[in-house]
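Here are my notes on this model, point by point. Please read them with the structure open.

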Amino acid sequence: MPRETLFLIEDEKNIVELIKFNLEKEGFHVLSASRGIEGLEQIQKLKPDLLILDLMLPEIDGLEICKILKQNPRTWAIPIIMLTAKSQEADRIVGLELGADDYVAKPFSPRELAARVKAVLRRTKEKPKEELLKAGELQIDTARHLVTLKNKSVELTAKEYELLKILMEADGRVLSRELLLEKVWGYDNALNIETRTVDMHIGQLRKKIKPEARRLITVKNAGYRFDPDS
Ligand code: CA
């Protein structure tokens, strides 16, 4: 079985060594960068199985890195575990909203980090394609291509359907307009004008799923998310 590659962006040398030592002992291949820009370049090239990302970094911080990766169709699926200080609760929340999968607060035990890494890998790899997506009164039966609201079918256009489905499948994560354009419309390099297409369709969708429209949340400077829980 090929070893899974973890990438670490962290500027504190002793933490890098601690993580490398312990996670390599667990059988992972661990690569690292101490600077954000360098890390971003490497990640695009290497496509690691998971990223461990320190929040406090010089030049470009962890939240910015998280946002960039989650907006890029080539890197958005890479799971991210954030390393935060105990006092950074607000950043942690923003990070999770931007699409990070989990966080570990410093100081942490290497064993705890290893357990989190394994849990996130398991969760993201084995996630079954669900046939029924549900949130409140709204439901998509993906096998039958059927959207219902309070058990009554909702007429959506093909694009509206794809848009709603991909947002619900993202399970609360933010998806950028660029990503939605690529996934739903098949555009490769979205222009600013084209991203308005997404906004238009979101507007239509909101009207059609009205009592549940509050779940379709606009995230400023990031994109859209579908809140399955509220
Ligand atoms: Ca740091």
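1. Contact between the domains. In this predicted model, 8 residues of domain 1 are in contact with 11 residues of domain 2. The domain assignment places domain 1 at 5-126 and domain 2 at 132-226. Their centres, taken over C-alpha atoms, are 28 Å apart.

2. Area buried. The two domains bury about 980 Å² between them. Carbon and sulfur atoms account for 54% of that area. On the domain 1 side, Gln71, Trp76 and Glu97 lose the most area to domain 2. Together they make up 52% of what that side buries.

3. Polar links. How many salt bridges does the rule find across the interface of domain 1 and domain 2? It finds 0. For polar contact, the rule finds 1 residue pair across this interface, with both residues at pLDDT 80 or more. Helix α3 supplies 3 residues, the largest share of the side of domain 1 that touches domain 2.

4. The buried side of α3. This helix spans residues 62-71. Its buried residues are Gly62, Leu63, Ile65, Cys66, Leu69 and Lys70. They lie on the same side of α3 because they cover an arc of only 160° around the axis. Residues three or four places apart in an α-helix point the same way, because each turn takes 3.6 residues.

5. What covers that side. The cover over the buried residues of α3 includes the strands β1 (5-9), β3 (50-54) and β4 (80-85). It also includes the helices α2 (36-46) and α4 (89-97).

6. The start of α3. Here a side-chain oxygen of Asp61 comes within 3.2 Å of the backbone nitrogen of Leu63.

Definitions and conventions: Residues are numbered from 1 along each chain as its sequence is written. This is a predicted model: local features need pLDDT of at least 70, side-chain atom pairs count only at pLDDT 80 or more; totals for chains, interfaces and linings use all residues. Side-chain values use heavy atoms; hydrogens and water are left out. Buried means under 20% relative accessible area, exposed over 50%, partly exposed in between (1.4 Å probe, protein chains only). Helices (H or I, at least four residues) and strands (E, at least two) are DSSP runs, numbered from the N terminus. The arc is that of the directions from the helix axis to the C-beta atoms. Contact means heavy atoms within 4.5 Å. A polar contact is a pair of N or O atoms within 3.5 Å; within protein, one must be able to donate a hydrogen and the other to accept it, and residues adjacent in sequence count only if both atoms are side-chain atoms. Domain bounds come from an automatic or database domain assignment. Buried area is the accessible area (1.4 Å probe) that two parts lose on being put together, summed over both. A salt bridge is a side-chain nitrogen of Lys or Arg within 4 Å of a carboxyl oxygen of Asp or Glu.
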